[in-house]
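Please look at the model with the rules for each term beside you.

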Amino acid sequence: MTEPKLFAQAEDSAWIELAPGNTRRVLIHLPELMQVEFGFEKGAVGALHSHPHVQVSYVAEGSFEVTIGDQTQIVGQGGSFIVPSGVTHGVVALEKGRLVDAFTPHRADFL
């Protein structure tokens, strides 16, 4: 059995372009939990979607218009939001920014 990876450095993970102005890199994960960093250029969109994972997001840089279900708020640097399982959500970058997301369980589709 392989030992779980308990430490990670940012440079260990490659950025993947998802759409113009929108990138992602998986930072670290176990079957039960995953941490992912998303980069957005100003105006970039994280399209509305849903998934069975619970997600918590931290705004590491910038500000975002965040929609979760029927609620929309602007969340700035240092703010956070939670997306319950199965709820439709998405973001618009109001300026260049980064989100650090945690998912439980991990997103196998990101690996």
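Predicted model: local features only at pLDDT ≥ 70, side-chain atom pairs only at ≥ 80, totals over all residues.

**Labels and their rules**

Q: Why is arginine 107 called buried?
A: Arginine 107 has a relative accessible area of 8%, and the label buried applies under 20%, exposed over 50% and partly exposed in between, with a 1.4 Å probe and protein chains only. Because 8% is under 20%, arginine 107 counts as buried.

Q: What makes glutamate 37 and arginine 25 a salt bridge?
A: The closest N and O atoms of glutamate 37 and arginine 25 are 2.8 Å apart, and a salt bridge is a side-chain nitrogen of Lys or Arg within 4 Å of a carboxyl oxygen of Asp or Glu, so the pair meets the rule. Glutamate 37 lies in strand β3 (residues 33-40) and arginine 25 in strand β2 (residues 22-30), so the pair ties together parts 12 residues apart in sequence; a strand here is a DSSP run of E with at least two residues, numbered from the N terminus. Both glutamate 37 and arginine 25 are buried.

Q: How do you know that glutamate 37 and arginine 98 meet in a salt bridge?
A: Their N to O distance is 2.6 Å, which is within the limit, so this pair counts too. It links glutamate 37 in strand β3 with arginine 98 in strand β10 (residues 97-104), 61 residues apart. Arg25, Glu37, Glu61 and Arg98 are linked in a network of salt bridges, and the count by this rule comes to 4.

Q: Why is the pair of phenylalanine 38 and phenylalanine 110 called edge-to-face?
A: The ring centres are 6.2 Å apart and the planes stand at 70°, whereas rings of Phe, Tyr and Trp (its six-membered ring) pair if their centres lie within 6.5 Å, with planes under 30 degrees apart counted as stacked, over 60 as edge-to-face and the rest as tilted. Phenylalanine 38 is in strand β3 and phenylalanine 110 in the segment after β10, 72 residues apart.

Q: What makes phenylalanine 40 and phenylalanine 64 an aromatic pair?
A: Phenylalanine 40 and phenylalanine 64 have centres 5.2 Å apart and planes at 75°, so they pair and are edge-to-face as well. Phenylalanine 40 lies in strand β3 and phenylalanine 64 in strand β6, so the pair ties together parts 24 residues apart in sequence. Both phenylalanine 40 and phenylalanine 64 are buried.

Q: How do you know that strand β6 is joined to β7?
A: Two strands pair if DSSP finds at least two bridges between them, and 6 bridges join β6 (residues 63-68) to β7, which run antiparallel, so the two strands pair. Threonine 67 stands opposite threonine 72 in β7.

Terms used: Residues numbered from 1 in each chain as written. Heavy atoms only, no water. Helix = DSSP H or I, 4+ residues; strand = E, 2+ residues; numbered from the N terminus.
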